[in-house]
Amino acid sequence: MATLRPTVYSRGSAAAIVLVDLDAPKENGSTFCSTPTGYPLPDHQPFDPGLLRWEENPPKPSRGEPRSGTIFVRDLGHPRYRLQSALLVAVEVDGPHVVAFSHDLDAFGWGDGEGEAVADFKAAVCELFDALREDRANLGPHPQTVLRYLERVIAEDA
Amino acid sequence: MSLRTGDVDRAFKKLGMEIREGKDTLAFFWYKGKLILTSRRSHGKGKIEGNIPNKIRNQLKLREDEFRDLVQCPLDFDGYVALLKKQGLITEERPAQ
């Protein structure tokens with residue numbers, strides 16, 4: 001049985017709790033991540049520890065330079081959809097672009113900066129939510145899991 | 001990995017994915033009346049570079065070699081369905097006894 005150590009990673013006012021598997025080799029994707037809602041990653045996918053490594057030993061980026069890490073998204077920038085709990089989103093600097101993605105949702109967005117990538121990610125989540133609700137009666141196992149998760153975290157204002 | 005948007009469109013088309021145009025191009029993979037997975041790419045005709053092809057590959061639930069096969073042609077619809085069944089993403093309903 002694996003030995004899991006809860007570890008808190010923080011960035012500014014945001015924090016994520018990650019269970020680190022002490023028995024697994026480091027380079028073997030040994031870190032499992034739990035979301036702020038406590039909802040497990042689908043199929044307990046290994047979370048890439050490289051995404052969080054900077055939190056353990058943060059580099060010092062020059063002013064204004066985007067850096068990779070994780071953030072909490074607290075709204076969807078949508079007139080009706082409101083997040084009831086924050087989404088944990090990984091932000092990756094990818095050459096000239098920034099990619100924002102969620103392992104839970106298998107959704108991503110991108111842009112020239114973190115703000116643009118996160119805004120694109122939010123739009124992708126809203127589009128996905130609309131599409132899955134529209135086809136609710138005909139979803140396979142994976143989209144069903146994603147829709148259940150989205151319905152748990154998104155409230156719709158009248 | 002770098003891809004052209006045309007490569008991704010051909011891959012979506014080869015898998016018979018339903019395309020819906022919105023802010024981006026959304027692609028829906030259906031099998032026997034069930035929505036199995038979704039993917040998306042941005043509008044534009046240029047290259048898709050950096051990590052974005054990997055994100056599309058993840059949404060299609062393919063390993064790197066399988067995604068390469070999809071783009072370069074050996075992987076067809078039936079092969080793709082077999083891979084998704086192996087991952088438990090497509091489950092066949094048993095006929096009632």
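Two strands count as paired if DSSP finds at least two bridges between them. Helices (H or I, at least four residues) and strands (E, at least two) are DSSP runs, numbered from the N terminus.

Some housekeeping. This is a predicted model: local features need pLDDT of at least 70, side-chain atom pairs count only at pLDDT 80 or more, and totals for chains, interfaces and linings use all residues. Residues are numbered from 1 along each chain as its sequence is written, while chains are lettered from A and ligands numbered from 1 in the order in which they are written.

Chain A, then. Four strands make an open sheet, ordered E4-E6-E7-E8, with antiparallel pairing. Strand E4 (69–73) and strand E8 (107–111) of chain A are at the edges; each has a single partner strand, so one side of each lacks a neighbour in the sheet. On average, neighbouring strands here are turned by 30° against each other, direction ignored. Axes are lines fitted to C-alpha atoms, for helices over the stretch in contact, and angles run from 0 to 180 degrees between N-to-C directions.

Look at E4(A) and E6(A). Five bridges join this antiparallel pair. Contact means C-beta atoms, placed from the backbone, within 7 Å.

Stay with strand E6 (residues 87–94) of chain A, which holds Ala90(A). Is Ala90(A) buried or exposed? Ala90(A) is buried, because 21 other C-beta atoms lie within 10 Å. The cut-offs: buried is 20 or more other C-beta atoms within 10 Å, exposed is 12 or fewer, and partly exposed is in between, with C-beta atoms placed from the backbone. Ser102(A) is twelve residues away along the chain, yet its C-alpha atom is 6.3 Å from that of Ala90(A).

Now the core. A nonpolar core is a set of buried Ala, Val, Leu, Ile, Met, Phe, Trp, Tyr and Cys residues joined through C-beta atoms within 7 Å. The largest one has 48 residues, and Val89(A), Ala100(A) and Phe121(A) touch the most other members. Helix H2 (residues 114–134) of chain A gives the largest share, seven residues. Leaving aside neighbours within four places in sequence, Phe121(A) contacts Val89(A), Ala100(A), Phe101(A), Ala107(A), Phe108(A) and Gly109(A).

On to chain B. Its open sheet has three strands, ordered E2-E3-E4, again antiparallel. Strand E2 (18–21) and E4 of chain B are the edge strands, each pairing on one side only. Four bridges join E2(B) to strand E3 (residues 25–31) of chain B. Glu18(B) stands opposite Phe28(B) in E3(B).

Next, helix H3 (residues 64–72) of chain B. Phe67(B), Leu70(B) and Val71(B) are buried there. Seen down the helix axis, the buried residues of H3(B) fall within an arc of 95°, so they line one face. That arc is taken over the directions from the helix axis to the C-beta atoms. Those buried residues pack against strand E1 (3–4), helix H1 (5–14) and H2 of chain B. On the other side of H3(B), Asp65(B) and Gln72(B) are exposed. Just after H3(B), Cys73(B) takes a positive phi of about 110°.

Last, the interface. How many residues of chain B are in contact with chain A? 21 residues of chain B meet 21 residues of chain A. On the chain B side, E4(B) gives the most, with six residues.

Methods
Contact = placed C-beta atoms within 7 Å.
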